[in-house]
Amino acid sequence: MAYQVRTWHPKPVLRGAVALEKAKPAAASAMVAPAVLRALRKNKTLRYGVPMLLLVVGGSFGLREFSQIRYDAVTVKIDPELEKKLKVNKITLESEYEKIKDSTFENWKNIRGPRPWEDPQLLQGRNPETLKPKTT
């Protein structure tokens with residue numbers, strides 16, 4: 001005598017038009033929500049495209065706010081006392097040009113600056129040849 005093993009299946013598989021009517025639960029919206037969420041998770045446009053668009057559009061608004069700071073800072077008024085001090089010590093490119101306009105640059109001497117381990121006071125005004133270490 002052959003024994004037949006039956007396996008239990010949680011959902012009976014129904015086929016045909018009758019099966020469709022019997023398969024519908026009373027709360028159809030409860031079945032739709034997980035299926036829709038699963039489909040939305042698999043959609044590459046929603047998964048990658050929407051965050052990219054949000055980043056681009058949000059970045060545009062963020063840049064607008066940060067660039068506005070530059071123009072707002074120009075309109076800030078400074079203290080009149082401080083403004084007077086700044087005007088007294090004002091050095092312009094034109095004033096510096098007037099100082100060196102008549103100078104001649106034909107007689108110049110290349111002077112090496114001190115290295116970090118050398119004493120700058122020792123090097124000033126001395127001949128660089130005498131500073132070289134003597135070899136025997």
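Lys101 counts as partly exposed, with a relative accessibility of 41%. In this predicted model, Lys101 forms a salt bridge with Glu98, and the closest N and O atoms of the pair are 3.3 Å apart. Glu98 is partly exposed too, at a relative accessible area of 47%. Side chains of opposite charge can pair when their charged atoms come close.

How many salt bridges does the structure hold? The count is three. Here they are side by side.

| Glu65 | Arg64 | 3.3 Å |

Glu96 and Lys99 both belong to helix H5, which covers residues 93-100. These two residues sit three residues apart, about one turn of the helix. An α-helix has 3.6 residues a turn, so residues three or four places apart point the same way. Is Lys99 buried or exposed? Lys99 counts as exposed because its relative accessibility is 60%, and the cut-off for exposed is over 50%.

In the remaining pair, Glu65 has a relative accessibility of 46%, so Glu65 counts as partly exposed. Arg64 also has 46% relative accessibility and counts as partly exposed.

Now for the nonpolar side chains. Which residues make the nonpolar surface patch of about 580 Å²? The patch is built from Val32, Val36, Leu37, Leu40, Leu46, Val50 and Leu54. Two helices, H2 (28-42) and H3 (44-74), are the elements that give two or more residues to this patch. The largest share comes from H2, with four residues. Val50, one of the patch residues, is found in helix H3. With a relative accessible area of 35%, Val50 is partly exposed.

What happens at the start of H3? There, a side-chain oxygen of Asn43 reaches to within 3.1 Å of the backbone nitrogen of Thr45.

Finally, step back to the protein chain as a whole. It has seven helices and zero strands. Reading from the N terminus on, its elements run α-α-α-α-α-α-α. What percentage of the 136 residues is buried? Buried residues make up 1% of the chain, where buried means under 20% relative accessible area. The accessible surface of the protein chain comes to about 14,400 Å². Carbon and sulfur atoms account for 61% of that surface.

How values were computed:
Residues are numbered from 1 along each chain as its sequence is written. This is a predicted model: local features need pLDDT of at least 70, side-chain atom pairs count only at pLDDT 80 or more; totals for chains, interfaces and linings use all residues. Side-chain values use heavy atoms; hydrogens and water are left out. A salt bridge is a side-chain nitrogen of Lys or Arg within 4 Å of a carboxyl oxygen of Asp or Glu. Buried means under 20% relative accessible area, exposed over 50%, partly exposed in between (1.4 Å probe, protein chains only). Patches are made of residues with over 30% relative accessible area and no salt bridge: like charges are joined within 9 Å, nonpolar side chains (Val, Leu, Ile, Met, Phe, Trp, Tyr) within 5 Å. Accessible areas come from the Shrake-Rupley method with a 1.4 Å probe; for residues, only the protein chains shown count as cover. A polar contact is a pair of N or O atoms within 3.5 Å; within protein, one must be able to donate a hydrogen and the other to accept it, and residues adjacent in sequence count only if both atoms are side-chain atoms.
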